[in-house]
Amino acid sequence: MSAATIPTAPRAAGRWVLGVAALAALLAWPLLVEDEFIQRIGALVMLSALSASAWNLVGGYAGQISIGHVLFFGCGAYASLLGFTWFEWAPILGAPFGIATSLLLALIVGSPTLRLKGHYFSMATIALAELARIVVVNTPALGGAVGVSGPAMPRSVLDLSFISPLPYYYIFGSVLAVLLLFTWWMSRGRMGFYLRAIRGQERAARSLGVPAQRYKLFALLVSAAFTSLTGSLYAAMLGFVDPDSGLGILLSVKMVIAAALGGAGTLFGPLVGSAILVPLEEMTNAAFGGGGTGITYVVYGAIIVLISRFAPGGLAEIWTWLRARGTRRGG
Amino acid sequence: MADDAPLLEARDIVVAFGSFRAVDGASLAIRKGEIIGLIGPNGAGKSTFFNCLAGERQPASGSIMLRGRDVTRASPEDHALLGLARSWQVPAVFDDMSVHENVMVGAFLRHPHAAEAAAAADQVIDFTGLRPVARARSGSLGTPARKRLEIARALATEPEILLLDEALAGLTPTEVRAAIDLVRQIHARGITLVIVEHVMEVILSLAHRAVVFNQGKVIAQGAPRDVVQDPGVIEAYLGRSLSRKPPA
Amino acid sequence: MILAQVVLNGFLVGAVYALFSSGLTLIWGMMNVVNFAHGDFVMIAMYVAFVAFTMLHLGPAIFVPLAAIMLFLLGVLVYYALVRHVMRGPMLAQILGTFGLALVLRYATLWVFSANFVSLPENLLGEVQTFAGLRLEPSRVAAGLAALGLTIGLHLLLTHTALGSRLLAVAEDRSAAMLVGIRPDPMQALAWGLGAACTGVAGALIALFFYITPTVGESLALIAFVVVCLGGFGSVPGALVAGLAIGIIESLSAFWIGPAFKDLVVFILFLAVLWFRPQGLLGKA
């Protein structure tokens, strides 16, 4: 950063104080709220933020709008529970295999798919995820249309089977912290600049020496690994996955919406988006029961139509705009 | 590489769109320190040829050597690595990034660390006179500043040769003069230049050598003042006087 | 003989695919915007037919044009309210705009009609006939032939009328069209209207013999993408050939490999085309 962009000392200090306070609040609030329903929502927010932040690397920073990320999520979820079904492993022990499978898939299908631009990339990713779903539905060894389950009773702490949502909240939160730290580090360095350049004008970026294909693929690999890990954690918590909950296209869509609502390509956008969308979904589901599913997605759909129409940068854009207005008013 | 070897050399380049040969056996050798002006009527193939030189398009046949290496099939990013930079006819700045960040993208090529890239970008910003808008979002810039930013970003890759695709089109006479000054300063830094330009005044005042394209071929080259009086060149422009008006 | 039956059925479904895919290719070729809600437009038209028949007791002669008109209006509305504003915006907005619309349409329908499968009576247009050993279901035959005729009609409209040439002029070069006095906005709205009307007719026709459910649009959208990619972006004749081909391929793979795998074959074909020949099999290089 140039000298001009370094904030003045008191401002920087203020930012630190704000950051530490926010972190403390994130760590402490579930302990202060006794309601397990709310604690559970907190854990789900972290889970959603995790997958949306992983998507954000490819979809937000690099601007390649994948609607097939559920493919990697499914790899993780299925690897966890298949590890249990086949070998009686603790679900989380399947996570490395899910990640390995995801990385392999990303390597194989990523290269040809990442060459596609714009809509074509999005459509190819949809087709890939649907392809995986159809294969799983029709493969009895993978649970078929019924799905696979985890251990009915927790056997050890390694099964990550807890009655209270709190442990999940802190586990998901720590993984999210690692991912966000990586994203922050990346966004400040060459890779972050290169990915944003690719998003802006890929041809121009390449003419400046940006090996676009390699960077996109690297972003996809990291993203796939974290998405897969999210899937494994999800499977460990829920103890069950079927083609809809592990490979359904709506899961991909949720990752995109959470990131887009908060601000795609921003560090905290996916977390903010998740913190709004997950409680919304849980509450409509609670209020309307089974029939709530329809309403939830109508609301989801309406939200993304409104974002794309009025604020493609998400809440982050609105925030920047408000702040700029405030500054101008203040003199 | 011998000192007298061309910095960039294209031989017998052919680019075909279906049965139409946009570039039909064009050759050009560019020596270090030259300023080359590529001119010709619209559709003459000069832009396509330019894109072959820049590594943006691969010719159907022919070869291109950059600093003694065959780059005919090399990617645009490899061209950049070898010291070739370009601007775009329609400015292709990264709208979401600030001017300084745009230039940093170029600077990262030779300076992998962010602090060094930022410092290098600062130098280029001062050199190109973009300091007043350095922190502005580049999407908010007007055309002249965007064109200047394109050049700055390309310079940040520290090229040996810079290809400018109508970098001065659409500027007012005052802005054109400022841009000509900038091009002179870039040349004074030892950078070889290839300029595609419609405005003949620019070619006449800047180029050491004008290369005239027509129907995919180089029909004349030499000192700009001689070239514009060449009967073949005048013929190619359909008798239109080679004044500042671009042929429509 | 069974094979001939399979091919015939594929051909008739394929004609309907061709019709709604023509709508997608028209929009796509004209303004390089992909309508991710295209399959859900078809789904809406299917429900228009269903409601018109079961509640208002209207026959196909009325509900097919009715669906066309309603979807035409929906298309124009979507263009003016949404697409016009996002089509030059960032890629995320372009994709999410129509994708969000798809979710709204799909789940609003699910909310109103529930996820249950419904269908129109099989013998709506009469009983099954046998001809030269082929089983001819009147609803399939009528839908297929009508779709075939309308797709050809759309092509003729684009290539042989003044309106069509104005549409194509905007598609070819927006600014040049403006120079000769064609305002692009109404033309693009018209393209959306026509494109959506195609889904209206196709949806009402396919409802004659297809199951109707709120999520049917998802797989239909993917079929439309495949057809457009195969046929070349913006080409109605391409969509016709590709639509028929996909219908037949789907039918054959359901017959040979099993119904569960028919989508699999289509998706693999789609990815193969995208990866190896992104300009479409029938498109220009």
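Helices here (H or I, at least four residues) and strands (E, at least two) are DSSP runs, numbered from the N terminus. Everything below comes from a predicted model, where local features need pLDDT of at least 70 and side-chain atom pairs count only at pLDDT 80 or more, while totals for chains, interfaces and linings use all residues. Residues are numbered from 1 along each chain as its sequence is written, and chains are lettered from A and ligands numbered from 1 in the order in which they are written.

**View 1. Helix H10 of chain C, end to end.** This helix covers residues 236-256 of chain C, 21 residues in total. From its first C-alpha to its last it reaches 30 Å, close to the expected 30 Å; the expected span is 1.5 Å times one less than the number of residues.

**View 2. Helices H1 and H5 of chain C, packed together.** H1(C) spans residues 2-31 and H5(C) spans residues 138-160; their axes sit 8 Å apart at an angle of about 40 degrees. (Axes are lines fitted to C-alpha atoms, for helices over the stretch in contact, and angles run from 0 to 180 degrees between N-to-C directions.) Why call the pair oblique? Angles under 35 degrees count as roughly parallel, over 145 as roughly antiparallel, 65 to 115 as roughly perpendicular and the rest as oblique, and H1(C) and H5(C) are therefore oblique to each other. H1(C) passes H5(C) in a left-handed crossing, meaning that the near helix is turned anticlockwise from the far one by less than a right angle. Look for Phe11(C), Leu12(C) and Leu19(C) among the H1(C) residues, which meet H5(C) residues including Val141(C), Leu148(C) and Leu154(C).

**View 3. Where chain C meets chain A.** Of the 2 pairs of chains that touch, A and C have the most contacts. Chain C puts in 35 residues and chain A puts in 35 residues. On the chain C side, helices H3 (60-86), H4 (91-113), H9 (216-231) and H11 (262-276) each give two or more residues, and H4(C) gives the most, with 15. That side has 29 nonpolar, 4 polar and 2 charged residues.

**View 4. Where chain A meets chain B.** Here 22 residues of chain A contact 28 residues of chain B. Helices H7 (190-200) and H8 (202-207) of chain A each supply at least two residues to the chain A side, with H7(A) giving the most, 6 residues. The chain A side has 10 nonpolar, 7 polar and 5 charged residues. And chains B and C? They do not touch, and their nearest C-alpha atoms are 8 Å apart.

**View 5. The open sheet of chain B.** Its 4 strands run in the order E2-E1-E4-E5, with antiparallel pairing; two strands pair if DSSP finds at least two bridges between them. E1(B) (residues 8-17) and E2(B) (residues 20-30) share 8 bridges, and Val14(B) stands opposite Asp24(B). The two strands form a hairpin with 2 residues between them, and Gly18(B) in the turn has a positive phi of about 65 degrees. Helix H1 (residues 46-53) of chain B lies across E1, E2 and E4, at about 125 degrees to E1(B).

Technical notes: Contact = placed C-beta atoms within 7 Å. Nonpolar A, V, L, I, M, F, W, Y, C, P; charged D, E, K, R; others polar.
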